[in-house]
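Subject: the two-chain model

Hi,

Here is the model I said I would pass on.

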Amino acid sequence: MAQEIVRYRKATRVLHHVHTAAFVVLFLTGLVLFIPQLSFIAQGGWTRVLHRIAAVIFAVAPVLYVLFNWEAAKKGIKEAFTWGAEDIKWLKAAPGYYFFNDESKMPPQGHMNTGQKMWWSIVLVFGALFVLTGIFMWFLKDILPAATFQWMVFFHDVSFIVTGCMLFVHIYLGVIHPLMTEAWKSITKGTVSAEYAKSHHGKWFKEASKRKPKGA
Amino acid sequence: MADKAILFDSTRCTACRGCQAACKNWNENDENIPTVENGVDARNTGSYENPPDLSTSTWLRMRFTEVERQGKLSWFFTRVSCMHCTDAACVKVCPDGALFYDDLTGFVAYDKDLCTGCGYCVEFCPFDVPRTDRNVITGLAKMDKCTLCTTPGLNRLDAGEKPACVKACPPKALLYDDRDKLVALGKQRVQTLKAAGLNNANLYGENELDGLHVLYVLEDSPDAYGLPVDPKVPGVAIAWQDIIQPLGWIMGGATIVGLGLNYLVARQAKIRKEQTAKKEE
């Protein structure tokens, strides 16, 4: 059997699934507010209760992760905001690769490629914006000036649109795209084959093979 | 059918609050003993004004604004209730279609069964009228406001009756009729007041928010009555409902279509590459 490299540790994978499940619930219970034809689903307000339960999980799960995995969290957050010239090259070459399987111009990538970093930084920024605006809308509604509340609703919706669209892209690339053969495995089992790591994350593979394989 | 309206003449009002009582009585909002627990914050606040605020079971109340005229204490009386705007912020932001325009009268009608309790109407109303009884933890809530006596099952207008508040008003400070007629009548009344020396008299609601369905004859500026001088649908509501949301649907649609196209192209490219690889072997 080919050599396997650890890509995501168990704690990271659990956080991913818990957070995703919470987000999907939040997404669907929020979506009914944008389709008047579906508003009958929300009658009685049970979607609002569900939205709040999921919101607590969505907000608390990452905090617990950070508390118990401080080093990994620090590394992960740093990764999201470390950008360089390589990323520009990647962005230029990406359409050729993702549409036409042209790997020739793709620069070797680290643990996360540019696209993954984009999504990951969107998750961090808009996740925080979601939680912040949500707290205002949930608990401070009666205290806030109406204008402040209005802007909170506005930015909650902007976050919803950005992360909602990107969630489709994320699921598509992780599960459906013909070339992402081991993305799903990496987040369920936590490992990828050496071959996949070499072609998709060349830089990371080099670093990982130098030391004892560890992952993030 | 022509739009209907209520004309409130503040200079005729004696603040007997018969309208308040009639409103509660007709709309079955009178079952509660007025306590904070029952949603009616009725306590003495050093004024004849009571209760001090609207609530889910108080859809109309009279506001007493103290003013000094010729060295004497006097009041401006203001009817505080839904103004039934033609361009209503609450209808714009309501996600469930629970708030909508009544075809026959132009009023902002309300179907309580459809309300899911989001409370956007509460925060976006330029007149601060809708109220909810929200549970802070669960978020469960229902909004309530004046339906101009069109609540299903309690619809006075369909029965050919006037709204309860109008019917109850002893000095005829409240009138109900075609909106056009009331605008003309209001203007006439303003002229009379001006002729009597009340130079600041004005008709409020003729053009505000494309025309309110509750018109006020005031003897001083709306400001003096605690009414917004130039009420507007908040800019955020317009940016949100007319720009961001359509943009969101376009982005969402484009994303899904784009991903579908990508799948078709990328799968072909992969198959071609594999075939080329095979041939080379």
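Chain B has six helices and 10 strands (DSSP runs numbered from the N terminus, H or I of at least four residues for helices and E of at least two for strands). Its radius of gyration is 26 Å, well over the 19 Å that the globule rule gives for 281 residues, so chain B is more spread out than a compact globule. That radius is taken over C-alpha atoms, and the rule is 2.2 Å times the number of residues to the power 0.38. Along the principal axes, the C-alpha atoms of chain B fill a box of roughly 105 × 45 × 40 Å.

Before you go further: this is a predicted model, where local features need pLDDT of at least 70 and side-chain atom pairs count only at pLDDT 80 or more, while totals for chains, interfaces and linings use all residues. Residues are numbered from 1 along each chain as its sequence is written, with chains lettered from A and ligands numbered from 1 in the order in which they are written.

Chain B splits into domain 1 (4-225) and domain 2 (234-281), with bounds from an automatic or database domain assignment. Taken over C-alpha atoms, the centres of the two are 50 Å apart.

Now the inside. The largest nonpolar core has 75 residues, and B:C90, B:V108, B:C121, B:C165 and B:L215 have the most contacts inside it. (A core here is a set of buried Ala, Val, Leu, Ile, Met, Phe, Trp, Tyr and Cys residues joined through C-beta atoms within 7 Å; buried means 20 or more other C-beta atoms within 10 Å, exposed 12 or fewer, partly exposed in between, with C-beta atoms placed from the backbone.) Strand 10 (residues 214-218) of chain B gives the most to this core, five residues. Both domains of chain B contribute residues, so the core lies between them.

Then there is the side of chain B that faces its partner. Here 37 residues of chain B are in contact with 35 of chain A, contact meaning C-beta atoms, placed from the backbone, within 7 Å. Helix 6 of chain B brings the largest share of chain B's side, 20 residues. By class, that side has 21 nonpolar, 11 polar and five charged residues (nonpolar: Ala, Val, Leu, Ile, Met, Phe, Trp, Tyr, Cys and Pro; charged: Asp, Glu, Lys and Arg; polar: the others, Gly among them).

Cheers

Technical notes: Two residues are in contact if their C-beta atoms, placed from the backbone, lie within 7 Å.
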